[in-house]
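The sequence and the model are shown here before the description begins.

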Amino acid sequence: MIHKRIRPFNTKETYPEQKLDNDLSQGVVARGTMVFLRGQVSQDLDSRESLHTGDAGAQTAKTMENIALLLKEAGSEMAHVCRIVVYLTDIRYREAVYQEMGKWLKGVHPCSTGIVVPALARPEWVVEIEVTAVIPDAA
């Protein structure tokens, strides 16, 4: 692995009462140039149109698609995500959000923090995800 993952785990074992299957780590020691993405939401990056109002899973899919695109534009990729912060407007969205997010991060094991907040910048957004990744050193 390019980055050292400290104590990787899967949420299936850590939170057996929840229907989650996410690969995470307690910490990541990253090499290379840092990439900080602002919180991403379910929005068309070109038109700025909000998408998938009322559907936390679909909002997460679009959010992760935006993250993957922005990382590619930065010269990185999902495999080099080191840290994510997930903001939810309602704890009841957690399962749908983390199930979708887990599909995009399978095998990556980033550090993850989840926070429930009263609102995001627009009322139709129910999830926002912030990512820190790296552009690996050339081999």
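The model is a predicted one, and every value given here is computed from it. Its sheet is open and holds four strands in the order β5-β8-β6-β7, with mixed pairing. The edges are formed by β5 (33-40) and β7 (111-116), each of which pairs on one side only, and from one strand to the next the twist averages 10°.

Strand β6, which spans residues 81-88, has a parallel pairing with β7 over six bridges, whereas with β8 the pairing of β6 is antiparallel and runs over seven bridges. On the side of β7, Y87 stands opposite I115, and in β8 the bridge partner of I84 is V131. Strand β6 is also mostly covered, as six of its eight residues are buried.

Helix α2 (residues 56-74) lies across β5, β6 and β8 (127-135), and its direction is at about 25° to that of β8. Helix α3 (residues 94-104) packs on the sheet as well, where it touches β6, β7 and β8, and its direction makes about 155° with that of β6. Together, β6, α3 and β7 make a β-α-β unit that is right-handed.

With 19 residues, α2 reaches 27 Å from its first C-alpha to its last, which is close to the 27 Å expected at 1.5 Å a residue. Its N-terminal end is capped by D55, of which a side-chain oxygen lies 3.2 Å from the backbone nitrogen of G57, and just after the helix G75 takes a positive phi of about 95°. The buried residues of α2 include A56, G57, A58, I67 and L71, and the elements that cover the buried residues of this helix include β5, β6, α3 and β8.

| Residue | Relative accessibility | Class |
|---|---|---|
| T132 | 12% | buried |
| A133 | 0% | buried |

Why does T132 count as buried? The cut-off for a buried residue is under 20% relative accessible area, and T132 counts as buried because its relative accessibility is 12%. T132 is found in strand β8, and, leaving aside its neighbours within four places in sequence, it is in contact with M34, V35, F36, H80, V81, C82 and R83.

A133, also placed in strand β8, counts as buried because its relative accessibility is 0%. When its neighbours within four places in sequence are left aside, A133 is in contact with T33, M34, V35, L71, S76, H80, V81 and C82. A133 and I84 are 49 residues apart in sequence, and their C-alpha atoms are 8.9 Å apart in space.

Conventions:
Residues are numbered from 1 along each chain as its sequence is written. This is a predicted model: local features need pLDDT of at least 70, side-chain atom pairs count only at pLDDT 80 or more; totals for chains, interfaces and linings use all residues. Side-chain values use heavy atoms; hydrogens and water are left out. Two strands pair if DSSP finds at least two bridges between them. Helices (H or I, at least four residues) and strands (E, at least two) are DSSP runs, numbered from the N terminus. Axes are lines fitted to C-alpha atoms, for helices over the stretch in contact, and angles run from 0 to 180 degrees between N-to-C directions. Contact means heavy atoms within 4.5 Å. Buried means under 20% relative accessible area, exposed over 50%, partly exposed in between (1.4 Å probe, protein chains only). The expected span of a helix is 1.5 Å times one less than its number of residues. A polar contact is a pair of N or O atoms within 3.5 Å; within protein, one must be able to donate a hydrogen and the other to accept it, and residues adjacent in sequence count only if both atoms are side-chain atoms. A crossover is right-handed if, with the strands pointing away from the viewer, the path from the first strand over the helix to the second runs clockwise.
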